[in-house]
Amino acid sequence: MTSHVQHTHGTREAGGLDHKPPPEGEPAPENAPRLEDELALERAYAAVCRAAMTRRVDDAGDQVVAGEDVSGDGASAEALGRYLRTRARQLAQEPDRPLFFGRLDFEDSEEAGEHRRQRYYVGRRRVAEHPAAPPLVIDWRAPVSRAYYRASALEPGGVAVRRRFGWAPWSHGSPEELTGLEDEYLDHSRGGGGADAADGAASADGRERREYRAHRARRTRRDEEKDAEAGRDGEGGGGAASAIVAAEIERPRLGPMRDIVATIQPEQDELVRSGLNTSVCVQGAPGSGKTAVGLHRAAYLLYTFPERLQRAGLLVIGPNRTFLRYISEVLPSLGEIDIAQLTVGDVVARHPVRRVDTEAAAVLKHSHRMATALERALYARVGYPADSIAVPDGSYRWRVGAPDLARVVDEVRGTGVPYGIGREHLRSRVVTLIRQQAERRAGPKSVTWARRIGRSKPVAALLETAWPVARPEEVVAVLLSDPAAMEAAADGVFDDAEQRALRWAAPPRSAKSATWSAEDMLLLDEVAGLIERPGGYGHVVVDEAQDLSPMQCRAIARRSAFGSLTVLGDLAQATAPWSAGSWREQLTHLGKAQAPVVPLTTGFRVPAAVMELANRLVGALGVDVPPARSLRRDGELAVSAVDDMASATVSAVRAALDREGSVAVITADHAVAATSAALRTAGIGTASADGVGAAARVTVLPATVVKGLEYDHVVVVEPAAIAESEPRGLHRLYVVLTRAVSRLDVLHTRPLPEPLAV
Ligand SMILES: Nc1ncnc2c1ncn2[C@@H]1O[C@H](COP(=O)(O)OP(=O)(O)OP(=O)(O)O)[C@@H](O)[C@H]1O
């Protein structure tokens, strides 16, 4: 919900800002000369901040040099050096970026008879003359910045004026330039006039301006109340209410994903600022900012809980390398470097992947039934000893009978501790049985005695038969090679045909010489997790989580058992054969069954006309998701029946290249080579999904890698071929159609898939 007083200035490239005349019947603000004054003051402030920042960067560099000379113990010198280098790198990131994007003026207060107004500039990170000095700019994650994102005319939360700054499009190497500003007056009770005094800009025309502002504030408050009654939010399908926000959302895209700190929306902010103990799942329409929310939440948590997260770690999981490359600059631009950003494959990697499973075997290995079979396979090693044991101890021999041993094996099994710990528990319980006998006969026994008995040959031999040491590779290799082992573990879990599909056609001689598939890594990780709990993270952000299989979810759950999760996804974009049917089910596999599912339905990427086309598919996808709406009224959509696909593609790309921004040509996977060749023959340079030729403005992409990505202009080649390439082809097509930021060209020689043809 926003109410705002437009106070923008039509300067060159002010992030697309134009001066808008006030609505009819309202007094014109005499803002042109005033605005120049305001801009001049703000530019001067920006210069002060820049100078302070430059000094801090230089100081940090000097400290690294000094830190390297620090004597003292090696470990702390190394830790200090690491800290200082990190700090210097953080400060030096993107040196020319604007240092603030917003300003908050809180309502006036009287302190010790003095009239005061608190003012804060909000930026990507804190700027101050030195660490102990009051900040010139506060970090967007600081508690007081919350009001910047949340304050509205209905709930101003003490904010009198929110100012947004428009900067000339920023790029590396060119200095920042402040070109516009926009004020929202939220403080109706005071008629919104107080800002002048605080600006030090009161003048003869101040009264008139105050009236204008008060009028607009009243009007927007009424508007908001009307909206609230009608159950709309203030942006009710009509685009962003702020020209600066609209310009940011509609700006052409080039290169990797950028942060959205300047324009985080209230419903996004609520997710970003949820606490470290809270797990949350976001069901978000395409382009509703799920990825952005996840990354900003990561940055928020690192800032707010530095000690806990430094100890426990934070991990971001994405679907593939292309996606990770695309998002890789967001966290560093927010000052958070060195955050692990991995695929699930990276998380569970233990061996090089040298084998490809059949589709049937892969699907079974991803199913949660596999976990049951693996647990049985591991615990098949645990057995009851056939005989009693006799442990020599000086002149005594202590005997424990087979029934007692069987009982303690059962007891340990019943505790549910990891297998490796279970083995040690069995050892100590057997020692306890022996100790009870020994103490009855020979008096108290020491810890050293207990240790010696525990390591004695008969006890070690007992453990080797009753609870042998287990290695994940052996357990999995035996299961996949030995029909009897498979049958025992899979009884009632996998039928005969499934067991055959799972078994290796040519078993290796031993676990050591086995070659492993990507799916096998999940199996190994599962068994490793049963033997010993893996180290976990304090927080894990999981993107495109609708596509995770139960076994992948379990791998993540093991690593976040004592931490929290941000789960991001869209069931309508679920394309894997094992994709989730419902979030509740997925969250259960992820170990956070109770986490709330929060919808985001406003799209910031896809223009309304394109969203409308894509939405036609949703009914055919069999998923329960709230409909998506676009915040963007701009954009172009063309659906064209063509005769010659190659020449039509070349023409579409040529036309796209006449305009600004990135261009993607998306085809069914098998058609990528032919499409790239056609473009090359026509003299158009192309990049590929793996980043080769990244300098080219045109990227040719197979439909299966575009999830999570976006391009200004998208050319979709033959939707029918994309839809029929895989069982969830319509879901894939939905993903493909929702990648365009500004323009979508759909080219087809064959009839469109049915839901689109209406
Ligand atoms: N509040 C915002 N202000 C400006 N831009 C935004 C905002 N929220 C999202 N965006 C932009 O919208 C685009 C889509 O965001 P993002 O990729 O996070 O969406 P998503 O929901 O993850 O999409 P998908 O479903 O395709 O994975 C990005 O360019 C992002 O920067």
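For the residue classes used below, Ala, Val, Leu, Ile, Met, Phe, Trp, Tyr, Cys and Pro count as nonpolar, Asp, Glu, Lys and Arg as charged, and the others, Gly among them, as polar. The structure is a predicted model, in which local features need pLDDT of at least 70 and side-chain atom pairs count only at pLDDT 80 or more, while totals for chains, interfaces and linings use all residues. Residues are numbered from 1 along each chain as its sequence is written.

## Overall architecture

The protein has 30 helices and 25 strands; helices (H or I, at least four residues) and strands (E, at least two) are DSSP runs, numbered from the N terminus. Of its 758 residues, 44% are buried. A residue is buried if 20 or more other C-beta atoms lie within 10 Å of its own, exposed if 12 or fewer, and partly exposed in between, with C-beta atoms placed from the backbone. Two residues are in contact if their C-beta atoms, placed from the backbone, lie within 7 Å. Among contacts between residues at least 6 apart in sequence, 75% join residues at least 24 apart.

The UniProt record, an unreviewed entry, places the feature "domain: UvrD-like helicase ATP-binding" at residues 263-607. UniProt positions are given in the numbering used here, feature names are shortened, and annotations may be inferred rather than shown by experiment. Over residues 263-607 the chain is 51% helix and 12% strand, and the end C-alpha atoms are 18 Å apart.

## The ligand shell

The ligand is surrounded by 20 residues, and the closest are T263, G289, K290, T291 and F604. A residue is near a molecule or strand if its C-beta atom, placed from the backbone, lies within 6 Å of it. Two or more residues of this shell come from each of α6 (243-250) and α8 (290-304), and the largest share, three residues, belongs to α8. By class, the shell holds six nonpolar, nine polar and five charged residues.

UniProt (unreviewed entry) places the feature "binding site" at G284, A285, P286, G287, S288, G289, K290 and T291. Within this stretch, G287 lies in the loop between β8 (280-284) and α8. G287 counts as buried because it has 28 C-beta neighbours inside 10 Å. Residues up to four places away in sequence aside, G287 touches G603, F604, R605, V606, E710 and T738. S288 is placed in the loop between β8 and α8, and it is buried because 28 other C-beta atoms lie within 10 Å. With residues up to four places away in sequence again left out, the contacts of S288 are L600, T601, T602, G603, F604 and A628.

## Strand pairing

Two strands pair if DSSP finds at least two bridges between them. Strand β15 (residues 539-542) is covered on both faces: H539 and V541 on one side, and V540 and V542 on the other, are all buried. The following table sets out pairings involving β15, together with one from another part of the chain.

| Strands | Sense | Bridges | A bridged pair |
|---|---|---|---|
| β9 (residues 314-317) and β15 | parallel | four | I317 and V542 |
| β15 and β16 (residues 564-569) | parallel | four | V541 and T566 |
| β1 (residues 102-106) and β4 (residues 119-123) | antiparallel | four | D105 and R119 |

β15, helix α23 (residues 550-559) and β16 make a right-handed β-α-β unit. A crossover is right-handed if, with the strands pointing away from the viewer, the path from the first strand over the helix to the second runs clockwise.

Strands β1 and β4 belong to an open sheet of five strands with mixed pairing, in the order β5-β4-β1-β6-β7. Its edge strands are β5 (138-139) and β7 (178-185), each of which pairs on one side only.

Most residues other than glycine have a negative phi. E544, although not a glycine, has a positive phi of about 50 degrees; E544 lies in the loop between β15 and α23. With 23 C-beta neighbours inside 10 Å, E544 counts as buried. E718 also has a positive phi, near 55 degrees, and is located in the loop between β24 (711-717) and α28 (719-724). E718 is buried, with 21 other C-beta atoms within 10 Å.

A757 lies in helix α30 (residues 754-757). A757 counts as exposed because it has 12 C-beta neighbours inside 10 Å. Its contacts, leaving aside neighbours within four places in sequence, are P751 and L752. A757 and A470 are 287 residues apart in sequence and 58 Å apart in space, C-alpha to C-alpha.
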